[in-house]
Amino acid sequence: MRSQVINLTVNGTERELLAKPGTTLLGALRDGLGLTAAKRGCAQGGCGACTVVVNGAAVPSCLIPVEVADGATVETLEGMASGQHLTPLQQAFVDGFATQCGFCTSGMLMSASALLAENPAPTRDEVAVAISGNVCRCTGYAAIIDAILDAADRTRAVGSAAAD
Amino acid sequence: MLRQVLLPADVGAAVSTLAGDPTAVLVAGGTLVMPAVNTTVTPIETLVSTRDLGLAGVAVERGIARVGAATTLTALGNHPDLGFLRPTVASFASPIIRNLATVGGNLFASQPYGDLAVALLALDATAEIAGPDGPREAPVSEVLEQRVRPGEIVAAVRFALPAAGTWRWTKAMRRRLNSAAIVAVAAVVETDGGVVSAARIALGGAGSRPVRARAVEAALLGKPLDEASVTAAASLALSEAEPFSDAYASAWYRGRVLPVHIRRALLGA
C-alpha cells in the first residue's frame, strides 16, 4: 500500500501531490490540493456534484482513481473566474438566481462550461441534456437552464461587440 | 481494501497481472468499479487501468465496425460512420457518465444498466478477447452469459453495420433523461417484398442480462411488419423474459409494458 506521486495540471498550474491507493481525483482535489469547489455527493457518479473538466470533458471526479488521472489537465470551478471578475456564465447564474442551496452549483457550472465550449449556441433541450447528470435536489432546474442560455447570449453579445 | 492502482503499458502486462492476482479488477471508465470501491467493503486490492492499453478507437471498414473496448460512449455516439447509433447512445445515462463509461464495460453491467450491451446483442456483435492463453473471439451473447475467464480482457467488439432503416431502439425510462431502463428494446429488422426476412431483437430490463427475444423473432419471419403481426409476435416476449423488480419498476410492470415497447420499437407507434 504505497502512496504515489501524482502530477496534474490544475487550472493551468502544474501541481504535485502524494496519493494513497483508493484516492479519487475528487479526493485529491479536495483533500490534497484544498480545492473544495467540487463537492463530495454520492461517490457513485450519480449526482454530478463533483463534476470537473478533465482533458476537455466534463466528468464526475469521484469515479476516477487519481493514478489514472496522472498527467491530466483538470479544470475546476476555482479556475473559472479571473480574480474577482466572474465569467458570463457565473454572472448569469448570479443574476438569474440559479443557485438555491448551492451544493450542485459548481458541478452545474462545469458541465455548462464544457457544453458552451463545444456548442456556444445551445438549444434549451441541449442545455437540459448537458446537465442531465447533475442533480439539483432543490429542483431549481428551470433557473439553471435559463442562466446557461443567458450566458450563451451574453457571450455571443460580447463576441459580436468585439467583432464590431 | 485497495492496495494499488496499476497502469500497464500493454495488454499482455494487464493480462498477466489479472491472471496472477484474484483480487485484481480491470477498470476502464470506472462507472461500475468505482462506486463499489468508494462506498462498499470490496475484495478488490488491485485496480488495473485500461488507460495505456491502446484499446480506444472506432474503425469502420467495408461495412464492419470495430470498436475498441475502452472507447467511451461519447466517442461511440459521436462517430460519423455510426450515425444510426447516435440517438441510441444519447438515451444512455448522462453526458458526464458517457464521457467515462466504455463499450467494453457495458458488457459487464447488470441490467437495467448496460444499455449498450442490449444494442450489441441485437447487432450480433463479436467480442475480441485477449487472455493468458492468447487471443480468442466469442459472440457478445456468450460474453453476456458466461462473462470472460480469469485474466481475460475484452479488447474490442465488432459488428456489421445494419442496412439503412433496419435499426430500432426504444428505451422506456422513468424520466426523459438520465434514467436506467424500465425496459429497452434493440432490433435489426429486415424486410423483403413487404414481409420480415430477418429479425434480431434484444431486450433489456427483461432479466439480469440482456436477452434475445427469439420467439418474437421467429413469429415475425414471413409476416408483414404491421400492427397485427407485431402485436401478436410481441405477446410472446414474456415466454423468454424474466422481468425483475427494482427502484425503477416492478417485475409486473416491466412484463406488462414489454410487448408495448417491442411494438413501439418495431413500428414507431
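Helices (H or I, at least four residues) and strands (E, at least two) are DSSP runs, numbered from the N terminus. This is a predicted model, in which local features need pLDDT of at least 70 and side-chain atom pairs count only at pLDDT 80 or more, while totals for chains, interfaces and linings use all residues. Residues are numbered from 1 along each chain as its sequence is written, and chains are lettered from A and ligands numbered from 1 in the order in which they are written.

**Exercise 1.** State how many helices and strands chain B has, and decide how its radius of gyration compares with the globule rule.

Solution.
1. Chain B holds 11 helices and 12 strands.
2. The radius of gyration is taken over C-alpha atoms, and the globule rule is 2.2 Å times the number of residues to the power 0.38.
3. For 269 residues the rule gives 18 Å, and chain B has 19 Å, which is close, so chain B is as compact as a globular protein of that length.
4. The C-alpha trace of chain B spans about 60 × 45 × 30 Å along its principal axes.

**Exercise 2.** Give the strand order of the open sheet of 3 strands in chain B and find its edges.

Solution.
1. Two strands pair if DSSP finds at least two bridges between them.
2. The order is S1-S3-S2, with parallel pairing.
3. Strand S1 (4-6) and strand S2 (24-27) of chain B are the edges; each has a single partner strand, so one side of each is left without a neighbour in the sheet.
4. From one strand to the next the twist averages 25°.
5. S2(B) pairs with strand S3 (residues 46-49) of chain B over 4 bridges, in the parallel sense.
6. Val25(B) is opposite Leu47(B) in S3(B).

**Exercise 3.** Describe how helix H10 (residues 227-234) and helix H11 (residues 251-267) of chain B cross.

Solution.
1. Axes are lines fitted to C-alpha atoms, for helices over the stretch in contact, and angles run from 0 to 180 degrees between N-to-C directions.
2. The two axes come within 9 Å and cross at roughly 140°.
3. Angles under 35 degrees count as roughly parallel, over 145 as roughly antiparallel, 65 to 115 as roughly perpendicular and the rest as oblique, so H10(B) is oblique to H11(B).
4. Two residues are in contact if their C-beta atoms, placed from the backbone, lie within 7 Å.
5. From H10(B), Glu227(B), Val230(B), Thr231(B) and Ala234(B) meet residues of H11(B), including Pro259(B) and Ile262(B).
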